[in-house]
Amino acid sequence: MSYYDVDAILTDAEKVPCQFDMDIPYLGHLDNSTHGLKSGTQLALPLWLATMLALAAPGGDDSRPPLSLNLPASLSEAVVAALKADPRAVALRDQSMHFYGVGVRMLDLFDEPEMGAVLRRTFVARATDVGLHARKADEGVGGGRGEEFLRGLDEWERALFRRAHEGVRSAREWTDRVKKS
């Protein structure tokens, strides 16, 4: 990803639950308290900040990181179970606008091979529907179902839809030009 990739920046801004494992003075403003954060404080922090703090080790005798990350609600056991049952039935955008981006970042941080397999299967299963809708988008088939379908797509799937739709349109234009000549 590029440094200027807006989707990557928005993915990093997604909030993830975490818990502070040690007392941290001077960061009380994160919890709206007048003093520092106490051990056991649970907060939802942006992914970029939570990742930096979870991987940081202060050094010295106590070399554990100041906080531990938890999986976000968009990747909870209930959502993963629903995706295992039928990936097409889950509106990923309702879970997170950047569902796959957050999932990939979490896979970098957690050793969750099952979740990786579920995300892969979900993307492949849903990509076929995205391609089908992209091919039929100009035909007016579905009577408004296309808009409903697009509402459930996360940003990766929307980008796939746009590219597939542009490819179909370009192929039609090329075919028309060839027929005319």
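What does Val168 count as at 22% relative accessibility? Partly exposed, on the scale where buried means under 20% relative accessible area, exposed means over 50%, and partly exposed lies in between (1.4 Å probe, protein chains only).

This is a predicted model, in which local features need pLDDT of at least 70 and side-chain atom pairs count only at pLDDT 80 or more, while totals for chains, interfaces and linings use all residues. Residues are numbered from 1 along each chain as its sequence is written, and side-chain values use heavy atoms, with hydrogens and water left out.

**View 1. Val168 in helix H8.** Val168 belongs to helix H8, which covers residues 155-180. Helices here are DSSP runs of H or I with at least four residues, strands are runs of E with at least two, and both are numbered from the N terminus. Look for Ala137 too: it is 31 residues from Val168 in sequence, and the two C-alpha atoms are 9.7 Å apart in space.

**View 2. Helix H6 crossing helix H8.** Two packed helices are described by the angle between their axes and the distance between the axes. Here the axes of H6 and H8 cross at roughly 40° and come within 8 Å. Each axis is a line fitted to C-alpha atoms, for helices over the stretch in contact, and angles run from 0 to 180 degrees between N-to-C directions. That angle makes H6 oblique to H8; under 35 degrees counts as roughly parallel, over 145 as roughly antiparallel, 65 to 115 as roughly perpendicular, and the rest as oblique. On the H6 side the contact uses Phe123, Arg126, Ala127, Val130, His133, Ala134 and Arg135, and on the H8 side Glu157, Leu160, Phe161, Ala164, His165, Val168 and Arg172. Contact simply means heavy atoms within 4.5 Å. Sorted by class, these residues come out as 8 nonpolar, 2 polar and 4 charged. Ala, Val, Leu, Ile, Met, Phe, Trp, Tyr, Cys and Pro count as nonpolar, Asp, Glu, Lys and Arg as charged, and the others, Gly among them, as polar.

View 3. Arg126 sits in helix H6. Is it buried or exposed? Arg126 counts as buried, at 7% relative accessibility. Its side chain is joined to that of Glu157 by a polar contact of 2.6 Å. Such a contact is a pair of N or O atoms within 3.5 Å; within protein, one must be able to donate a hydrogen and the other to accept it, and residues adjacent in sequence count only if both atoms are side-chain atoms.

**View 4. Helix H5 against helix H6.** H5 (residues 99-109) and H6 (residues 113-136) have axes that come within 10 Å and cross at roughly 155°. That makes H5 roughly antiparallel to H6. H5 passes H6 in a left-handed crossing. Phe99, Tyr100, Gly103 and Leu107 of H5 meet Met115, Gly116, Leu119, Thr122, Phe123 and Arg126 of H6. The tally for this contact of H5 with H6 is 6 nonpolar, 3 polar and 1 charged residues.

**View 5. Helix H2 alongside helix H5.** H2 (residues 47-55) packs with H5 at an angle of about 0°, their axes 12 Å apart. H2 and H5 are therefore roughly parallel to each other. H2 brings Leu47, Thr51 and Leu55 to the contact, and H5 brings Arg105, Met106 and Leu109. By class that is 4 nonpolar, 1 polar and 1 charged residues. Take a look at Arg105 of H5, which counts as partly exposed at 23% relative accessibility. Apart from residues up to four places away in sequence, Arg105 touches Thr11, Asp12, Leu47 and Thr51.

**View 6. His98 in a loop.** His98 is found between helix H4 (92-95) and H5. With a relative accessible area of 4%, His98 is buried. Not counting residues up to four places away in sequence, His98 touches Asp7, Leu10, Thr11, Glu14, Asp154 and Glu155.

**View 7. Phe20 in strand S1.** Phe20 is part of strand S1, residues 15-20, and counts as buried at 1% relative accessibility. Gln42 is 22 residues from Phe20 in sequence, yet their C-alpha atoms are 6.5 Å apart. Leaving out residues up to four places away in sequence, the ones Phe20 touches include Leu37, Leu43, Leu45, Leu53, Pro66 and Leu67.

Technical notes: A crossing is left-handed if the near helix is turned anticlockwise from the far one by less than a right angle, and right-handed if clockwise.
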